[in-house]
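Q: Please take a close look at the aromatic contacts in this model and at the elements that surround them. How are the rings arranged, and what lies around them?

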Amino acid sequence: MRKAAGIFAGVCLLAGLTTVGFTAPDERRGDQLTFSDTAGVQHTVTTAGSFDEDNPFFQALGTNGRSCATCHQPDQAWTVTPARIRERFEQTRGRDPIFRSNDGSNCQDADISTLGKRRAAFSLLLSKGLVRVGLAVPPNAEFTITDVDDPYYCGAALSEASMFRRPLPSTNLGFLSTVMWDGRETVKGQSIRDDLATQASDATTGHAQGAPLTARQAADIVEFELGLFTAQTRDHRAGSLHAHGAEGGPRQLAAQSFCIGVNDPLNMLPLMPGACAAPSGGLNPNVFTLFMAWTQDESPERRAIARGEKLFNTRPFAIDNVGGLNRDAGDPVAGPFAGTCTVCHDTPGAGDHSVSMPLNIGVADEARRTPDLPLYYVKNNATQQTVTTTDPGRAMVTGKWSDIGKFKGPVLRALAARPPYFHNGSAATLEDVVDFYNTRFNIGLTRRERADLVAFLNAL
């Protein structure tokens with residue numbers, strides 16, 4: 001890919017239109033952008049007919065030079081990746097708008113007066129693409145933070161916590177049932193469109209340090225975002241992902257119908273705009289059917305992707321001790337049960353959860369902590385029980401003890417373009433993602449099955 005001052009060969013797509021570190025698309029059609037990635041090629045299409053380069057999504061509406069696109073870049077599946085962030089750092093000596101100490105640095109208002117200090121201050125952003133989310137412990141919370149092991153010695157009060165999280169993609173949002181990793185922008189009974197408008201305004205006041213958006217600005221941003229669909233379209237080994245009867249790519253994805261509650265395994269149907277007309281009736285495990293035609297294909301690479309898809313849909317394993325599903329007394333399922341990946345990735349064609357249901361699968365547990373993340377010691381105010389976690393998750397929104405460590409599952413399309421994975425970037429590669437689940441749930445994957453799953457995930 002060639003470097004350019006902007007995304008559209010001389011017409012930069014981002015605020016200011018001069019931000020370095022963006023790549024020109026390999027190919028542009030009126031409603032399509034094409035970018036290379038490590039696995040092959042990804043496309044973004046817009047249902048608007050063409051990309052609105054003047055949309056406020058690309059405008060610096062705050063006071064620090066940032067726009068929505070600062071952390072949601074088209075060539076990285078509308079998020080940001082550490083490799084590209086490091087390029088931006090080197091090209092600007094750490095002065096690109098993404099490097100702001102209000103939330104991009106490890107500590108609030110870190111010293112960024114020299115190049116060396118900037119490199120240290122933004123180490124988590126540079127290494128894992130993590131942005132700091134600072135939240136206060138909710139009033140009347142069921143827990144207290146009693147101590148923190150902070151590798152950066154930020155000295156923050158124990159009445160708040162700094163969580164480090166990956167920016168979620170701003171594409172494929174038409175499949176959302178929850179906004180943000182912890183659901184803090186999701187309001188019960190409100191539409192996802194309204195949630196996204198609130199999120200856009202909050203991002204402008206927080207990340208961009210500006211005034212709240214006008215209703216028109218927020219609506220324009222949401223309309224632009226909801227028109228974006230991104231997916232892998234070509235695999236280096238298997239070739240075109242919509243050839244030989246396959247249905248990969250964003251155009252098929254954009255045509256995929258969705259309603260909140262579709263295919264939900266628990267048959268839940270929330271009362272909110274966008275919900276299905278009737279309960280799902282249970283789970284159809286065949287959530288992905290993109291590559292069924294490749295089962296007997298002459299290409300071994302295509303057959304591997306088809307095998308991975310089938311494994312994802314149908315390989316049973318014991319699902320146990322998942323907070324929000326079957327760990328606690330108030331969870332909807334009692335005890336372990338046999339299920340597949342699609343129990344929690346049930347949205348057809350997209351792979352996120354079709355209802356708002358944050359889960360704790362252990363990603364933030366102390367046992368999986370890396371030395372670059374803080375560790376919070378949390379005590380239950382009623383029982384005195386204690387837990388240690390790198391991120392209290394949903395609990396910092398609700399104040400509930402049972403919500404500690406819970407996060408939503410993201411849409412799984414265009415994975416190859418946006419490593420690392422999980423909310424805290426703890427899985428550097430899709431191989432690491434598969435290994436996490438294989439170990440966490442004792443699935444017992446063979447070497448070939450592991451490779452097949454990775455091939456499938458790369459093709460999404």
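A: **Aromatic pairs and their setting**

Phe 288 is buried, and so is Phe 456, where buried means under 20% relative accessible area, exposed means over 50% and partly exposed lies in between, with a 1.4 Å probe and protein chains only. This is a predicted model, in which local features need pLDDT of at least 70, side-chain atom pairs count only at pLDDT 80 or more, and totals for chains, interfaces and linings use all residues. Residues are numbered from 1 along each chain as its sequence is written, and side-chain values use heavy atoms, with hydrogens and water left out.

A pair of aromatic rings is described by the distance of the centres and the angle of the planes. Rings of Phe, Tyr and Trp (its six-membered ring) count as a pair if their centres lie within 6.5 Å, and the pair is stacked with planes under 30 degrees apart, edge-to-face over 60 and tilted for the rest. The structure holds 19 such aromatic pairs. One of them joins Phe 175 and Phe 229 edge-to-face, at 6.1 Å centre to centre and with 80° between the planes. This pair links distant parts of the chain, 54 residues apart, since Phe 175 is in the loop between strand S6 (160-165) and helix H4 (192-206), while Phe 229 is in strand S7 (residues 228-235). Helices (H or I, at least four residues) and strands (E, at least two) are here DSSP runs, numbered from the N terminus. Phe 175 is buried with a relative accessible area of 1%, and Phe 229 is buried with 7%.

The rings of Phe 288 and Phe 456 have their centres 5.5 Å apart and their planes at 70°, so this pair is edge-to-face. Phe 288 is in the loop between helix H6 (250-254) and helix H7 (300-314), whereas Phe 456 is in helix H10 (residues 447-458), so that the pair links distant parts of the chain, 168 residues apart. Both rings belong to one aromatic cluster, formed by Phe 288, Phe 291, Trp 294, Phe 312 and Phe 456. Over the ring of Trp 294 sits the charged end of Arg 302, 5.8 Å from the ring centre, the requirement being that NZ of Lys or CZ of Arg is within 6 Å of that centre and within 35 degrees of the ring normal.

The axes of H7 and H10 come within 7 Å and cross at roughly 95°; axes are lines fitted to C-alpha atoms, for helices over the stretch in contact, and angles run from 0 to 180 degrees between N-to-C directions. The two helices are therefore roughly perpendicular to each other, a term for angles of 65 to 115 degrees, with under 35 counted as roughly parallel, over 145 as roughly antiparallel and the rest as oblique.

To return to S7, the strand of Phe 229, seven of its eight residues are buried, so S7 is largely enclosed by the rest of the structure. Strand S3 (residues 40-46) pairs with S7 in the antiparallel sense over seven bridges, where pairing asks that DSSP finds at least two bridges between the strands. Two bridges join S7 to strand S8 (residues 239-240), again antiparallel, and S7 and S8 form a hairpin with three residues between them. Arg 234 in S7 has Val 41 opposite, and Arg 234 also stands opposite Ser 240 in S8.
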